[in-house]
Structure formats: C-alpha cells, structure tokens
Amino acid sequence: MWNPMCSLPLGVRQSGAHKVWGVLGCRLYSQSSVKPPKIPIQNSSTALRPQAEKQRRKLKREKAILAKDVESEKVKWTQKEKIIYSASTTPGDKKDTNVPLPQAYSPEFVESCWYQWWEKEGFFTPEHHEKLPHAVNQTFSLCIPPPNVTGSLHLGHALTVAIEDTLSRWRRMQGYKVLWVPGCDHAGIATQSVVERSLLRKHGKHRQEYSREEFLQEVWNWKNDKGVEIYEQLRKLGASLDWTRACFTMDPSFSSAVTEAFVRLSDSGLIYRSEALVNWSCALESTISDIEVDSKQLTGRTLLSVPGYERQVEFGSIVTFAYPVEGQEAELCVSTTRPETMLGDVAVAVHPDDPRYTELHGKQCRHPFTDRLLPIIPDPSVDMQFGTGAVKITPAHDHADFLLGQRHDLPRLTVIGGDGLMTALCGNWLEGVKRFDARVRVLEALMEKKLFRGSKEHPMALPICSRSGDVIEPLLKRQWFVRCEEMAKKAIQAVDEGQLEIQPHLYTKTWKNWLSNISDWCISRQLWWGHQIPAYRVSLPHPSTQEEELWVWGRSEAEALECAAAKFGVTQSEISLTRDTDVLDTWFSSALFPFAMLGWPQQTPDLEQFYPNSILETGSDLIFFWVARMVMLGTELTGQLPFKQVLLHSLIRDKYGRKMSKSLGNVIDPLDVIHGITLKRLQEKVTEGNLDPRESVVAMEAQRKDFPQGIPECGTDALRFALCSYRTQGEDVSMSVSHVLSCRHFCNKMWQTVRFTLGVLQDSNEPIKPLDQISPVSCMDRWISSRMLSTVRKCNEGFHSYELHAVTAALHSFWLHNLCDVYLECVKPVLSPQATENNGSRVHAGIVLEMERHVARSLLYHCVCISLTLLNPIMPFITEELWQRLQLYSPEAIDHATSLCVQPYPQSSQLINWDFPQEEADFELAQEVIRVARSLRAQCHMTKEKPQLWVVCTPAQAQTLLPFFAPIKTLGRISGLHFHCPPQEGDVALSKSAPPPPEGCAVGVVDHTCHLHLDVQQHVAVDRQVASLLERKGRSLRKLEQLISRTTMPGFLEKVPEHVRLDMEQRCQVFCQVLGIILDHYQKSHSCIRAISS
C-alpha cells in the first residue's frame, strides 16, 4: 500500500522534512529503545489538497511562460565596450593604478589583479590582524556552507557568499580578528555517481568491475583534477576566505574527526544499529538522505522513464482488487498505487466504526498467490473515506503500515530487494523480476483469477532520487542510527533560554515544532566514496544459535579488537572482525564542520580562539538538514553550541515565482551574470542537462522571453550589490537580472563621479584638508556633510542588525540622489575655473571666495572616500580600484602596500562635527520646490529655456528657502527666483517680498501654503497645464474622499486615538486648501485659453 500523503503525520507534515516525508510518511524504527510515536493516518482528501494547490500554481506558471500572446518584461541592454587591463602585472603583485582611468566602467578592467594581490598579502588571514592600527581584541568566525565538490555555484551559493563575505569584510574593517574558513563537501552520492558515469563513458566499465581501492583512487584522481573549480568560482565572487585553512571533508584530519565523533557517540549510546524502513534508491543500491529525495507531483496517469527500464512506467493510478474472505462467500476490496507490494501483505485493516465491515472483524482473507491467511484488523487510524475503506497492510514496504504492524505485532515480509528485483518470498513466478515489471504481471494474474476490480487516475506525489532519477522504494534495512530526542530537547532549550539566537525570529517556532517531532537519523549509506563507518562485525569461535549481530567500534581496528575481547570475554586471537562496508551520510560529516575545521578533537589554537563560531549564515532550507544537526552534534561532542547566532536567508526564485532548480532548468550560473552569456549558450546548457522534456521546453521558452539577447556582462560588484539589496530575511528573493544590470549602471555612476573628483583634484595645487579640520561653509556643504553622517549611521545600524538591504539602500540613495544629483550639480559652478566670471554672488572684489572652493574640494574628496569605504564590504573590486587612485591626494600618510579592505570602517563619531540636522530638514522643502519646478518645465516642454520662477508662500517658508537660493536656481534650471509672501494675519512679513507673479504662468502646488508660478512667456503649453491641474484635482479628491470615509466609519470617535483623529482632520483641511488652490489656478488657466482662442 502506498497512498501518497494519506499516511503523513501532521507533526511531520508541518515540519521542515515535508519534502520527503510528505511522500513517504514518518521514518520509523524497530528493535531500539526509542519507541516510535503512535501517529494516526491522516485523512487523504485533506492531505492531498496542498499537492493539488501546488500543482495548480505550477501549471499556472508554466502557462504564463508558454503563452504566445504574453511577452514578459525583457532584459534590455546594449553591448558595452570591453576594456582590458593591459599593464604587465605579475600575479600577486599590486595592480598598477597609474594606468589611465578608462572613460567608462568595465568590470573586466576593474576586477583584474586585485584578488590575487589580496590573497598574497594575507589580508584575509586572522594573522594580519596584528598589523592593523585599529585592531580590537574581538574575534569573528564563521564557516561557509561547504558546496559539493561535484557542483558549480548557482545564485543560491552567490547569495550566501555575498552575505557572508560582506559581514566578514565589515568585521575585518572594524578591527576584529576574522576567520572565514572555506570548505568543500565530498558529496558521497553525487561524486560517486559522477565518477561512475565518467568511467562508463571513457572505459565502458561499471564500478563493480573495480576493487574498492581502485575505484576510490579514480575518485581521488577526479577530485584532484576537477575539485578546485569550486574554489576558483568563490575567488571570482570576491570571497575573502582564508585559503590557508581550506578544509575538505575527506582530508585526513577531518576524517579523523568524523571517526572520533562516531566512536564517542556510539560509546554514549547515541548511535545504535537497528532494522528500519529507509529511503532506498535501487539504482544506487543505497539509502539516501531526505534532502536527496524530490517529490514529483502527478495529477493523474503519467508515463515516466525509470533507470533500468527500456519502456516508460505508468504512475498516477490507483488499482482496486479483491481478497476472498476465508470461509465465506464474500470478498474484501482494497486499493493501492503499488500492486506489486501485495505479495508482502500480511493483513487488511478497517476502521472499527465502519459499518460496512463490522461483521468481518476478526475474520481472515486468503492471499490468492501465497495462500497466506491475512487477518482483518480493526484500527482507528484507517481513513474510511479513502478508496474502499479497507487498507492492505505491507509493513516492510510502507511507513504507515510499519507503524500499524507494530501495534498489532504483524510480521514484516520483504518482497522487493535492494537491487529492485522481487525476492524469493514472491514465488518462482516473480523471483528476480524487476519491481515495475512485476507490477504488470501481478495485475495480469489478478485478472486471470477474476479478482481485479478496476483502476482509475489518482493524483499523487512520487518520491524521486535526485541523484539517479530512480523512484524511491521504502525498504526494511539494518542501518546505523543517531538517537535525536534528547539532543533535540537541548537544541530547543538553547533557543528558549537565549543561548542561541535564530534570525529571522519567525523560524524559532519552526525550529521548535520540527525538533519536537524529530525521528532518529539514519546515517548509513551503501557507497564506496565517503567516510567508511568505523564499526566492525564480530565473529566469535562459538557463536550462539541465535542469528544476532555483534558489533564493536573503534578509532582503529586494533582498538576495536581490544574492545571486542573485553566485551565478549575472549582473547583477541579468537576474534575475527569484519569492517562495515557502508559509509556515513554526508550530512554527518557536514554537521561537524564548525569545530572539525578548526582541528577538533585536538585542542588547537584555532579551536581555542574561534570556537564557538560567531555566526552561522545559510539558506533557510537547510535549517533542519544541516543547522539543527550541527547544533545537536556540536553541543554533544564539544559541550558548547557551535555558534551563537543563526542567520537564515530566503530562497531565490525566478521572476515567475518558481524555486531555482536544476530539475526545472531555471538555474542561473552567477558567472554567466558576471561575464555575460548568449541566449544560444544558455539554451545549450538546458539541453545538456537531464531534464524532463516538458520542463526543457518551459525552461527554453522562459529564457527566450526573458533574455532574447542573452545576459549582459554585469560584473561581480553589481551582482553582489544586487543580491545584498534584497530583503533576504523572511521573504523569498525574486531574482531579476534587470536589477543586476541597474546595479552595473550604478557602478558606472560611481566611476564617473570619481573621474570628476580626480579632475577637480588635479586642477588644484592646494592640499586636501584632513577630515577633522573641515568646517563646511555654504548651506549645501553643511547639508551634504549631514547627509554623509546620516548615511554612516544607517550603514552601521544596518550591519549590526544584519539588514544589508538597508545598507545598500542608504548608500545607493546617498551616492545617486544626494552626492551626484544634488551636491555635485550645486558645486560645479564653485569648482569651475569660470566661477569668477559666472558666479557674481560668490565674487568679492573680482576674486572668487577661494576658501569656499577649497572646502568644497576637500568635502567632495572625503565624501567620495567615505562612501567608497562604506561600500567596500559589498563591492570590493570597484571600491578598491577607485580608492587606490584617490590616495595620491590623501592628507594622511597611507602605506602604498595597504588595501581598502583593511581600512577602518567609518563611524559616526569621526563625523560628529558634520551634524547639521536643521539644514537637512530645511532642504527637504527646497527639494520639493525644485521637483515641482522641474515638473512644470517638463510639462511646458521647456528643455533649454531657463524661465523666471515665483514662489508664493508664507514668510516662514521663504526664510527657510532663502539660504538655498543658488541651489534652487541651479537645480531647478531657472534664471530668476522671486519670493512673494501675501500678507497673513499673525505672520512676520518678509523684508523683501517680490511683487505677485504675472498672469499666464504655469502653476504647480508644493503644499497648501506654497505654490509655484513659472513664467512660460508664451502660452503654447497652457492646455497641458489645464490637463495637469485636472489630473491633480482628481487625485486630491480621491485622497480626500478616502480620509472622509474613514472618519465617518462607525466607532471612529470611540476607537481611534485622539492624536490620530487630529492628524486626519488636519490632512482633510490641507486637501481642501490644495483643492481650492488647484481650482483657482484652473479657472485662471482656462480663462487664459479662452483669451488666446479669441
């Protein structure tokens, strides 16, 4: 019986293991001291609903991709000229920054040479900490989630690297002693599969044709040849890892740690051997882990290719057949999706309250092929609504049946072997037949005996081995297990007591729910590549008649022999030991990574300094498979939590909301975003993968729509900035290459800003003032200084709260909207050589106020340098390139051999004399005036003309705007600025109020007391002005109506706080005043149109 999802325990379905156990049910064990939980079978119709909804969403997304009449938003770009760094620089030497700076940003030019120099100089090692003048006595350590040695990086890896590297670089710049250890996982199943395919392709030989030692040597040869590629990809991403401590999970030192962990856990009784149902891949002939099982959703009858079968196999149907009731002219019908398992049936279960079967309680059925008698058992776990309401029980091949069999003490008959062939228990007619071929023979035999009662389509979730593509078979196997219950309680307690912090906090509940329902962990794998289990089967000279397995374990065979002699009271010479041929689950060794990478079990200096790790950052999908296991084993083996904080980021999805997956063909290689790739090559990658034909069509159509020109070269910095700019804590990331491309444009903006700054510095012989000696002169100097200080504060706050999106937003806003769009435009007239001639307001006795120019130059230099330093943890390459070129003008002595990555990270305390909150607040009104003025110019199609502008406002507003007279003129692109303040009762009159604006002006509203009049001189655009006023009137009316509707809701006066009511009343008054102004200007403009027409 295999009723998908109907046997899924609620507690497990709500846990993180839903990917596997949503298909197979709970993992259960016999012959252990840990009693399996008694979990009822869930209602099938309820359990199938999430599957149906998931399938509906999947089909909807595919339909959107394949729709011919719907074009998605394409990545629009033009090919940029690639500029190559051509200077002769020996790898590892510092890049020559005397080479002229190219006119435009080119990632290839920028990213060359720097990483090799950083690595050679040892900037990424904790030993370099001693050379830092700003060093502090604090450490920051973490490990990279070790990628598989077989793999290549995808955007999920890139997100992890971007976040972890940004945090590591930030702490390093803060003066911490930082250790970020690179590592690579041996990936047992994945690597063995790759090498097996390679040997079959090259030499036509299967693994079994080699000895174990010969095959392992082939794997090592492959690893030494191909295994370094993953490290080179990490370097390309700019990861500041300490490569002198790179750790591979099959290294001798790490293997010793794995052996030590197994022995210690076995000695303490936490590892035991037992018979249990496991996920079994017949193609690999091995148990596989939960994470290596994919759930394939089927809506009904589906033909699928299965390894080892020439023809496709049908799935997605449910078969009903009858069991004759012994001693009666009656039959009992049962339904199953796996009729081949009926040879292992040992009972039929019905619900005790089901009136259809009350008379059959305690009766028996006769098996038509084995002649066994099958008891009819009443059990409350049976779902009366599913199928016929009678359930065939096959304890050796179904998780729910295993539980029920334990409750009723039923035998367990294995009818499918580990090789996928039917066993001798099935009889001669089926022995040695492949399981899915046997399915056909069983159905034919049932028809011959006239016991077949029909077949129909049945939605189901089919468990597929992600490594081999095989259909998973639940099989009863003797394996090694880790008891998890007590360790899980400690892991829950650590979070409850605040010893371990999980961010985002929403995962705390998930953590508790999953660990509260945890099952024991199967760690045996029937492979050759991996850590061979250090357990030995003992053969004694006089074995007992019982077929009982005797096992010992040890750090070496000699230790195991000594242990066996002591345990069984015989001499060592009388004992024969046979080592278990299985290897340990890859996740077992990965769970040791935080301390094994530091030399555990030896008490190394690294272990003493850097353990526990400061933080663990990884994807939220690994919270159970990796994070929980690290916490459990780390606490048990070292007596300490392996880290103090867990930072989980979300999954990356494509623009259609699909998880990026190799099985969907929508994975994007980060190197393709960095270097660029053609559409043709993208589609070739899809065809090279082993995709389902339909998925291949969907994937290629999505690429054609999204990347008709391919993916442009964006560079590492743009990719990292884009990844860090997403809110990754809690929400899934909808990845957009267009966003990465916009970040490349941001890089070019930075590039052009520094080119301008260098030009300004080259035109002057005056030295730059030190940071602490700058006293901003003009209002704009004070404003940009204060904005710089605010940005420094936001960056530090964002880093401390791990909200990198807040850091990127603050820096992007400052650089573009404050520094480039405002300050640079305002100071260009000051810094220009023609300033004397063109800026009379700054001329005294025919000489420009040189002090203001010098301050502006120094201020610009420091703002750019500080911004680059703030950005460096996120964008290491471009910031290093630009910062190095600016150091020629530094007022401080900078060591030529130093790097920006080891400079102090800016702190607000350094800029305490740059705090001008009043200028920041006042300039907000000036910016609104500038925005409305430019909008009016655009509406009137005045691209070149610089008209006169009247600001009609209150005296108080005029006083606020007057200090920004020059910036408003420059940024608003107007030739004259006039302030007219109509007399208001109680207001202090402006000393020099201009006359009212002339008739026929274009009018814009800043707020209810401030509106602008632009002298358009000719009335060609008045009709556009009327249309704009009407549009503004409509928007204001809608907002006013929304406010009024809220104030008239029942209970408004009683339920809404007084301060909220007052605020809403004031807003209503403001909108009423704005509408009055708009209507007044509309009438004047309308009159003007009539006058022109006449």
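The legends below describe an overview and several close-up views of a predicted model.

The model is a prediction, in which local features need pLDDT of at least 70 and side-chain atom pairs count only at pLDDT 80 or more, while totals for chains, interfaces and linings use all residues. Residues are numbered from 1 along each chain as its sequence is written, and side-chain values use heavy atoms, with hydrogens and water left out.

**Overview. Secondary structure and burial in the protein chain.** The protein chain has 35 helices and 35 strands, where helices (H or I, at least four residues) and strands (E, at least two) are DSSP runs numbered from the N terminus. Of its 1094 residues, 57% are buried; buried means under 20% relative accessible area, exposed over 50%, and partly exposed in between (1.4 Å probe, protein chains only). Among contacts with a separation of 6 or more, 78% are between residues 24 or more positions apart, contact meaning heavy atoms within 4.5 Å.

View 1. With helix α30 (residues 917-939), α25 packs at an angle of about 110°, the axes being 9 Å apart; axes are lines fitted to C-alpha atoms, for helices over the stretch in contact, and angles run from 0 to 180 degrees between N-to-C directions. The two helices are therefore roughly perpendicular to each other, a term for angles of 65 to 115 degrees. On the α25 side the contact involves Cys779, Met780, Arg782, Trp783, Ser786, Arg787 and Ser790, which meet Pro917, Glu919, Glu920, Phe923 and Gln927 of α30. By class, this contact of α25 with α30 has five nonpolar, three polar and four charged residues, with Ala, Val, Leu, Ile, Met, Phe, Trp, Tyr, Cys and Pro counted as nonpolar, Asp, Glu, Lys and Arg as charged, and the others, Gly among them, as polar.

**View 2. The crossing of helices α26 and α32.** The axes of α26 (residues 804-831) and α32 (residues 965-972) come within 10 Å and cross at roughly 110°, which makes α26 roughly perpendicular to α32. Asp821, Val822, Glu825 and Cys826 of α26 make the contact with Pro967, Thr970 and Leu971 of α32. These residues divide into four nonpolar, one polar and two charged.

**View 3. Ala856 within helix α28.** Ala856 belongs to helix α28 (residues 850-871) and, at 2% relative accessibility, counts as buried. Leaving aside neighbours within four places in sequence, Ala856 is in contact with Asp781, Tyr823, Val827 and Leu831.

**View 4. Glu292 in the loop between β6 and β7.** Glu292 lies in the loop between β6 (286-287) and β7 (293-298), and is buried, with a relative accessible area of 10%. The side chains of Glu292 and Ser289 are joined by a polar contact of 2.9 Å. Beyond neighbours within four places in sequence, Glu292 is in contact with Ile189, Ile464, Cys465, Ser466 and Arg467.

Key: Angles under 35 degrees count as roughly parallel, over 145 as roughly antiparallel, 65 to 115 as roughly perpendicular and the rest as oblique. A polar contact is a pair of N or O atoms within 3.5 Å; within protein, one must be able to donate a hydrogen and the other to accept it, and residues adjacent in sequence count only if both atoms are side-chain atoms.
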